[in-house]
Amino acid sequence: MTRADKDKLFNYRPISNLSVVSKIIERIIKPRLIDHLTANRLLNPVHSAYGKFHSTETVLLSLHDHTINAIGRQQVTCLCLLDLSAAFDTIDHSILLDRLSKLFVLHGAVLYRVKSYMSNRLFRVKCSDQLSEPHHSSYGVPQGSVFGPLLFSLYTTPLSSLISSFSVNHHLYADDSRSYLSRRLTSMKTSLTYRVHWVLLLAR
């Protein structure tokens with residue numbers, strides 16, 4: 001594994017200094033939110049991360065099972081791996097709140113508390129002994145928080161609908177996505193010709 005160049009600023013990620021009280025509140029709220037999502041079957045079934053019984057092993061088993069079955073049908077599997085760069089830092093707060101309301105049925109006091117948690121966050125940049133003025137952050141979830149990873153997975157849920165609309169199998173894990181398509185060799189070229197453009201759109 002190559003080490004990232006420390007002289008390039010885009011290799012650095014912000015780390016949030018969260019209070020103990022903040023993390024305790026997050027740990028109280030998170031299980032209740034997961035219970036709500038599970039009871040109403042709102043969790044993405046093809047997203048393996050930050051959830052019970054959904055780990056890296058789940059992703060590997062799903063992909064392995066699909067590939068083995070495809071081989072049994074004498075099909076070839078084409079696999080596309082995508083990794084979102086600085087994914088946790090790109091979450092738009094207004095879009096996230098809109099999705100929590102419309103897709104995950106969070107309203108009233110619950111949605112207000114999430115909005116309060118995300119809003120009015122300040123950040124400063126420190127270089128050697130120099131410290132910048134505080135600035136408001138309208139993007140991203142706090143790195144190192146308890147609640148952040150779950151919010152990210154909910155934010156990226158519509159990605160599954162987009163990929164599925166092209167009749168492509170996929171499995172998400174955190175900020176990584178694995179999309180795969182199995183066809184016989186005689187039809188693989190034709191299938192990829194009209195489906196490959198969605199890969200280019202997501203990769204931009």
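**Reading the core, a helix pair and the rings**

Tutor: The largest nonpolar core here has 21 residues, and those with the most contacts inside it are Leu96, Leu100, Val114, Met118, Phe147 and Leu151. Keep in mind that this is a predicted model.

Student: What does valine 114 touch, leaving out residues up to four places away in sequence?

Tutor: With those set aside, valine 114 is in contact with Leu97, Leu100, Phe147 and Leu151.

Student: Okay, now helix pairs. How are helix 1 and helix 5 arranged relative to each other?

Tutor: Two packed helices are described by the angle between their axes and the distance between the axes. For helix 1 and helix 5, the axes come within 10 Å and cross at roughly 30°. Angles under 35 degrees count as roughly parallel, so helix 1 and helix 5 are roughly parallel to each other. On the helix 1 side, Glu26, Lys30, Leu33, Ile34 and Leu37 make the contact, and on the helix 5 side Gly148, Leu150 and Leu154 do.

Student: How many residues of that contact of helix 1 with helix 5 are nonpolar, polar and charged?

Tutor: Five are nonpolar, one is polar and two are charged.

Student: And the rings? How many aromatic pairs are there?

Tutor: A pair of aromatic rings is described by the distance of the centres and the angle of the planes. The count comes to two aromatic pairs here. One of them joins phenylalanine 88 and phenylalanine 152: it is stacked, with 4.5 Å centre to centre and 15° between the planes. This pair links distant parts of the chain, 64 residues apart, with phenylalanine 88 in the loop between strand 1 (76–83) and helix 3, and phenylalanine 152 in helix 5. Both phenylalanine 88 and phenylalanine 152 are buried.

Tutor: Then there's tyrosine 117 with phenylalanine 147, an edge-to-face pair at 5.6 Å centre to centre and 80° between the planes. Tyrosine 117 sits in helix 4, while phenylalanine 147 is in the loop between strand 5 (135–137) and helix 5, 30 residues apart.

Student: Is tyrosine 117 buried or exposed?

Tutor: Buried means under 20% relative accessible area, so tyrosine 117, at 15%, counts as buried. Phenylalanine 147 is buried too, with a relative accessible area of 4%.

Definitions and conventions:
Residues are numbered from 1 along each chain as its sequence is written. This is a predicted model: local features need pLDDT of at least 70, side-chain atom pairs count only at pLDDT 80 or more; totals for chains, interfaces and linings use all residues. Side-chain values use heavy atoms; hydrogens and water are left out. A nonpolar core is a set of buried Ala, Val, Leu, Ile, Met, Phe, Trp, Tyr and Cys residues joined through side-chain atoms within 4.5 Å. Buried means under 20% relative accessible area, exposed over 50%, partly exposed in between (1.4 Å probe, protein chains only). Contact means heavy atoms within 4.5 Å. Axes are lines fitted to C-alpha atoms, for helices over the stretch in contact, and angles run from 0 to 180 degrees between N-to-C directions. Helices (H or I, at least four residues) and strands (E, at least two) are DSSP runs, numbered from the N terminus. Angles under 35 degrees count as roughly parallel, over 145 as roughly antiparallel, 65 to 115 as roughly perpendicular and the rest as oblique. Ala, Val, Leu, Ile, Met, Phe, Trp, Tyr, Cys and Pro count as nonpolar, Asp, Glu, Lys and Arg as charged, and the others, Gly among them, as polar. Rings of Phe, Tyr and Trp (its six-membered ring) pair if their centres lie within 6.5 Å; planes under 30 degrees apart count as stacked, over 60 as edge-to-face and the rest as tilted.
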